[in-house]
Amino acid sequence: MYLSFFNLTEMPFSLTPNTQFYCALEPHNEALKVLLSALSMSEGFIKVTGEVGTGKTLICRKLINHLEDNYVVVYLPNPYLTPDELRWAVAAELGLELAPEQDQQTLSQSIEKRLLTLSQEGKKVVMIVDEAQCFSWEALEALRLLTNLETEQKKLLQVVLFGQPELDTKLANPQVRQLRQRIGFSYQLRPMTAAEVDYYINHRLRRAGAQSPLFSPRLNHHIARACRGIPRLVNTVCHKALLLAYGEGQTALNKRYIRAAIADTEDCYAPTSMRRWWLFAVLSATVLGVAAIWLWRQVL
Ligand SMILES: Nc1ncnc2c1ncn2[C@@H]1O[C@H](COP(=O)(O)OP(=O)(O)O)[C@@H](O)[C@H]1O
Ligand SMILES: [Mg+2]
């Protein structure tokens, strides 16, 4: 596409949460720090929430890469599971090869046995769930029961939940108060500040082989505002702006491309159209005010 045109070696704004493009920003770094220290303290449940597109899946992957060899990871990227499916998924991730006709009780016992063996071998098992807001009440309860398994000294299973803000709403429900009370550490990912967006865009471009910044600080500021600091929206807008410039054979990006990319991206806040609405509202209020005064004078 536009790679050779802009002298890039890779797509700079792909939507895939690729850890090679990880940009060490304060919220993401802090989230990782909280996760790693909570895991080292053997906390039962740890939770990370953030709006759509703020970088949860990327942190999930970074965390998995960071964990040392003594960790066994049970990764659940898709929590649309019944309690039975959840236990089967955990068994599969733990490397258990069981006959499909296995009843649920035997399945639970096999999982417990495997967790005990791993613990005796000095391994720590951590279950990492992405999109945890999608868990059903029944699956959440099955998850809690799995984490009941412990020896006299320690838990056999730690759980990290990543989810959208709806996860907090779900966990506020009295139905899951037992699980909620077990959450030892939480972290809420915030969107990027304007300065972070500027750094983020340049970092991704450099990582993709750019020799010089393609977007000026002013354009980055404009993008930051329109995207409310959400990394996924920033990626989409930057990619579209590069496409538009490429389409017109321009290597220098300008505000026209950014505006068009923003207007074409759902969920972006378009400052110009908002300004138009404000202008319309102010003008209407003035006209109405003048009309009211005129009427008042006529009556008097
Ligand atoms: N710190 C970061 N460094 C580099 N890319 C990031 C960072 N945070 C988010 N992104 C990028 O933003 C996009 C959305 O991130 P993702 O993890 O899919 O969000 P979420 O899971 O919260 O919806 C991905 O392309 C991801 O690579
Ligand atoms: Mg995600």
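In the predicted model, Met1, Leu243 and Tyr246 make a nonpolar surface patch of about 290 Å². Leucine 243 belongs to helix 10, which spans residues 231-247.

The protein chain contains 12 helices and 5 strands. Its radius of gyration is 25 Å, whereas the globule rule gives 19 Å for 300 residues; the chain is therefore more spread out than a compact globule. Along the principal axes, the C-alpha atoms occupy a box of roughly 85 × 65 × 35 Å. Buried residues account for 42% of the 300 residues of the chain.

Ligand 1 is surrounded by 21 residues, of which Cys23, Gly53, Lys56, Arg204 and Arg232 are the closest. A backbone N or O atom of leucine 58 is placed 2.9 Å from an oxygen atom of ligand 1, and a polar backbone atom of serine 14 is 3.4 Å from an oxygen atom of the ligand. In histidine 28, a side-chain N or O atom lies 3.3 Å from a nitrogen atom of ligand 1. The ligand taken alone exposes 560 Å², and the protein buries 98% of this area.

Across the whole structure, 8 salt bridges are found. One of them joins the side chains of glutamate 10 and arginine 207, with an N to O distance of 3.1 Å. Glutamate 10 is located in the segment before helix 1 (26-40) and arginine 207 in helix 8 (residues 194-207), so this pair ties together parts of the chain that are 197 residues apart in sequence. Glutamate 10 is partly exposed at a relative accessible area of 29%, and arginine 207 is likewise partly exposed at 29%.

Two further salt bridges lie within single helices. Aspartate 84 pairs with arginine 87, the closest N and O atoms being 3.2 Å apart; both residues are in helix 3 (residues 83-93), separated by 3 residues, about one turn of the helix. Aspartate 84 is partly exposed at 35% relative accessibility, whereas arginine 87 is buried at 15%. In helix 5 (residues 137-147), glutamate 141 and arginine 144 are also 3 residues apart, about one turn, and their closest N and O atoms are 2.7 Å from each other in a salt bridge. Glutamate 141 is partly exposed, with 31% relative accessibility, and arginine 144 is buried, with 8%. Salt bridges with shared partners also link Glu26, Arg190 and Glu196 into one network.

Glutamine 164 occupies the loop between strand 4 (158-163) and helix 6 (166-171). Its relative accessible area is 14%, under the 20% cut-off, and the residue is therefore classed as buried. The side chain of glutamine 164 forms a polar contact of 3.4 Å with that of glutamate 131.

Most residues other than glycine have a negative phi. Arginine 228, in contrast, has a positive phi of about 50 degrees. This arginine is in the loop between helix 9 (217-227) and helix 10 and is partly exposed, with a relative accessible area of 43%. Aspartate 267 also has a positive phi, near 80 degrees. The loop that holds aspartate 267 runs between helix 11 (255-263) and helix 12 (271-299), and the residue is exposed at 59% relative accessibility.

Notes: Residues are numbered from 1 along each chain as its sequence is written. Chains are lettered from A and ligands numbered from 1 in the order in which they are written. This is a predicted model: local features need pLDDT of at least 70, side-chain atom pairs count only at pLDDT 80 or more; totals for chains, interfaces and linings use all residues. Side-chain values use heavy atoms; hydrogens and water are left out. Patches are made of residues with over 30% relative accessible area and no salt bridge: like charges are joined within 9 Å, nonpolar side chains (Val, Leu, Ile, Met, Phe, Trp, Tyr) within 5 Å. Accessible areas come from the Shrake-Rupley method with a 1.4 Å probe; for residues, only the protein chains shown count as cover. A salt bridge is a side-chain nitrogen of Lys or Arg within 4 Å of a carboxyl oxygen of Asp or Glu. Helices (H or I, at least four residues) and strands (E, at least two) are DSSP runs, numbered from the N terminus. A residue is near a molecule or strand if one of its heavy atoms lies within 4 Å of it. A polar contact is a pair of N or O atoms within 3.5 Å; within protein, one must be able to donate a hydrogen and the other to accept it, and residues adjacent in sequence count only if both atoms are side-chain atoms. The radius of gyration is taken over C-alpha atoms; the globule rule is 2.2 Å times the number of residues to the power 0.38. Buried means under 20% relative accessible area, exposed over 50%, partly exposed in between (1.4 Å probe, protein chains only).
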